[in-house]
2 protein chains.
Amino acid sequence: MHQGVKCSICGEKAVAIIRYARLRLCKRHFLEFVERKVERAIRRYGLVGRGDRVVVAVSGGKDSSTLASILAKLSGKLGYKLYLLYIDLGIPVYSKANREKVVELSKTIGKPLIVVDVKEVLGLTVPELAFKVRRPVCSVCGVVKRYIMNAVAVELKASALAMGHNLDDLVAYVLKEFFNQNLEQISKLGPRTGSVEGLAVGRIRPLYEVYERESLLYVLLSRTPFLPDECPHVRRGTMEFKIKELLDSLEESFPGIKFGLMRRLAKNLESYPKPSQKLSRCKACGLIASGELCSFCKITKQALGEPMGARVREYIRRKILELGLD
Amino acid sequence: MHQGVKCSICGEKAVAIIRYARLRLCKRHFLEFVERKVERAIRRYGLVGRGDRVVVAVSGGKDSSTLASILAKLSGKLGYKLYLLYIDLGIPVYSKANREKVVELSKTIGKPLIVVDVKEVLGLTVPELAFKVRRPVCSVCGVVKRYIMNAVAVELKASALAMGHNLDDLVAYVLKEFFNQNLEQISKLGPRTGSVEGLAVGRIRPLYEVYERESLLYVLLSRTPFLPDECPHVRRGTMEFKIKELLDSLEESFPGIKFGLMRRLAKNLESYPKPSQKLSRCKACGLIASGELCSFCKITKQALGEPMGARVREYIRRKILELGLD
């Protein structure tokens with residue numbers, strides 16, 4: 001930041017230049033700017049209603065910490081109940097450090113936290129599970145996280161599961177799916193996806209219009225607890241990673257281009273073909289599946305001899321009772 | 001090219017490395033490789049049939065010269081008649097130089113050439129016309145070229161108008177339209193578009209799977225006449241230009257990614273929403289329009305006091321008669 005750059009609103013020392021909006025903002029007005037964006041996205045896209053229960057999946061990283069912090073601030077005004085969910089995947093060092101941060105976050109923002117410890121309930125960490133079924137860690141991790149997030153939201157009778165995907169992440173996913181011409185996947189990358197009564201809780205993405213750098217600056221300036229570390233399993237050099245780099249370069253030349261794409265996409269989602277996949281109820285655990293068993297019950301059956309969805313659901317019910325959240 | 005790199009097919013000195021296909025090719029096998037690609041695209045996408053008349057729009061540039069040259073070579077085997085069309089837009093120096101190249105090209109490949117000279121028929125060059133109607137040259141040029149190409153194809157009762165769009169151009173158009181979420185425009189960027197009986201002749205893109213650098217190397221190695229100059233009105237720094245640069249960088253990291261996208265897109269075109277625009281017949285000239293008058297008749301009426309489509313069609317008919325092409 002150059003010396004002497006002043007906030008466009010109050011004239012105080014600016015800490016952020018928002019090129020696409022032609023704004024320079026001081027700390028206070030920057031925080032308000034991001035909070036307003038989230039509130040506007042919630043209203044514009046009808047993400048949350050009065051009396052709703054919302055589960056926010058937190059990882060300890062900047063995006064979900066920004067999200068949890070802002071959703072907590074808005075919860076009184078917009079009249080919903082907020083619950084934090086942390087999934088301890090058992091990734092050495094990384095998972096414990098993030099767990100501590102999330103406990104701190106929960107205290108700071110004053111919202112209850114449910115911790116699901118994968119090793120505790122399955123007897124195996126996610127990397128161990130992946131090793132047993134001979135599949136990439138990130139792919140197994142995705143299945144486990146999706147299952148637990150949904151199961152917790154279902155048990156809490158939540159109306160929505162809030163995800164910390166920021167604008168840059170979403171644009172990169174969308175482009176990657178476009179290169180693969182998976183238009184049906186793109187149809188799921190809007191600000192919200194639908195619920196299936198009793199089987200699956202819809203996802204909402206309140207950071208849909210928040211850039212990654214805004215999210216980072218938000219946690220830093222608001223002193224929201226977070227860990228800047230990346231998961232040790234993250235792979236660089238993937239297509240998605242390269243696409244993200246190139247999109248940053250495009251944004252540099254044409255500020256606001258990512259934002260414009262996602263705004264137009266949100267308006268245009270009806271034009272995309274919807275997945276035609278038949279949905280059913282998992283025979284083992286009773287949650288959503290595309291065949292006999294859900295992916296989680298399939299993987300755990302393969303690794304441990306029996307599908308573990310039902311046990312995980314029981315564990316979650318107990319946790320919720322213990323915390324007095326029901 | 002490194003000393004001593006050998007053709008994957010015959011072991012002669014290689015002149016081209018085709019990374020996405022893991023091939024190194026000598027001059028002869030490179031030319032065959034590009035010609036086969038075009039032939040395969042024609043068959044795969046059903047672009048041309050036996051007994052058809054095909055008009056190829058040539059500009060004097062590398063792509064349309066490559067296209068005209070290969071379409072001429074394949075015309076005997078695939079049994080269609082080929083006509084070259086050059087539109088002299090009256091752009092100082094540039095148009096004359098290209099016109100000379102195209103005359104040379106027509107002689108070299110032994111196919112008849114129709115030249116439509118905009119100044120001759122309208123009394124104004126395209127830049128003069130744009131100045132009169134106070135619109136950007138490139139936008140007016142697009143209207144004029146589209147009109148004349150279609151009018152010539154209609155008069156010749158052609159089944160298709162062949163365009164020199166290469167793979168890189170097409171990927172950039174597609175991405176640009178994707179950023180604007182114009183899915184309907186994307187639906188028109190496949191290997192062919194439909195004809196409307198008597199009103200409009202469909203376009204085909206036989207270079208749909210040919211990279212820009214392959215097209216350039218083809219004209220160079222085959223000694224096909226072309227001019228490497230760019231139109232003086234081309235603007236750099238546009239979004240399309242930047243997108244093209246970024247796509248090149250992506251292709252560098254993931255060879256074949258552009259090709260993969262366009263292959264998948266061609267298979268997926270049915271999933272895209274179609275333009276719902278009502279089509280009608282221009283009251284002034286009788287060709288395709290979206291309202292009372294076609295865009296060409298509108299622009300010429302604005303500039304010259306009367307719609308000029310009918311006069312252009314008469315001029316084209318005369319040219320065709322003079323050349324004995326009917």
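In chain A the secondary structure comes to 13 helices and nine strands, where helices (H or I, at least four residues) and strands (E, at least two) are DSSP runs numbered from the N terminus. The radius of gyration of chain A, taken over C-alpha atoms, is 20 Å, close to the 20 Å that the globule rule (2.2 Å times the number of residues to the power 0.38) gives for 326 residues, so chain A is as compact as a globular protein of that length.

Please keep in mind that this is a predicted model, in which local features need pLDDT of at least 70 and side-chain atom pairs count only at pLDDT 80 or more, while totals for chains, interfaces and linings use all residues. Residues are numbered from 1 along each chain as its sequence is written, and chains are lettered from A and ligands numbered from 1 in the order in which they are written.

Along its principal axes, the C-alpha trace of chain A spans about 65 × 45 × 40 Å. Of the 326 residues in chain A, 44% are buried, and a residue is called buried if 20 or more other C-beta atoms lie within 10 Å of its own, exposed if 12 or fewer, and partly exposed in between, with C-beta atoms placed from the backbone.

Let me turn to a pair of helices in chain A. Helix α7 (residues 167-179) of chain A packs against helix α11 (residues 257-268) of chain A at an angle of about 65°, and their axes are 10 Å apart; such axes are lines fitted to C-alpha atoms, for helices over the stretch in contact, and angles run from 0 to 180 degrees between N-to-C directions. The two helices, α7(A) and α11(A), are therefore roughly perpendicular to each other, since angles under 35 degrees count as roughly parallel, over 145 as roughly antiparallel, 65 to 115 as roughly perpendicular and the rest as oblique. On the side of α7(A), the contact is made by Leu167(A), Asp168(A), Leu170(A), Val171(A) and Val174(A), and two residues are in contact if their C-beta atoms, placed from the backbone, lie within 7 Å. The residues of this contact of α7(A) with α11(A) divide into eight nonpolar, no polar and two charged; here Ala, Val, Leu, Ile, Met, Phe, Trp, Tyr, Cys and Pro count as nonpolar, Asp, Glu, Lys and Arg as charged, and the others, Gly among them, as polar.

Where does Leu247(A) lie? Leu247(A) is found in helix α10 of chain A, and with 19 C-beta neighbours inside 10 Å it counts as partly exposed. Not counting residues up to four places away in sequence, Leu247(A) touches Val171(A), Ala172(A), Leu175(A) and Lys258(A).

The contact between the chains takes 20 residues from chain A and 20 residues from chain B. On the side of chain A that touches chain B, α7, α10 (239-253) and α11 each supply at least two residues, and the largest share, seven residues, comes from α10(A).

Finally, in chain B, the axes of helix α1 (residues 27-44) and α2(B) come within 10 Å and cross at roughly 55°, which makes α1(B) oblique to α2(B). In this pair, Glu35(B), Val38(B), Glu39(B) and Ile42(B) of α1(B) meet Ile70(B), Lys73(B), Leu74(B) and Leu78(B) of α2(B).
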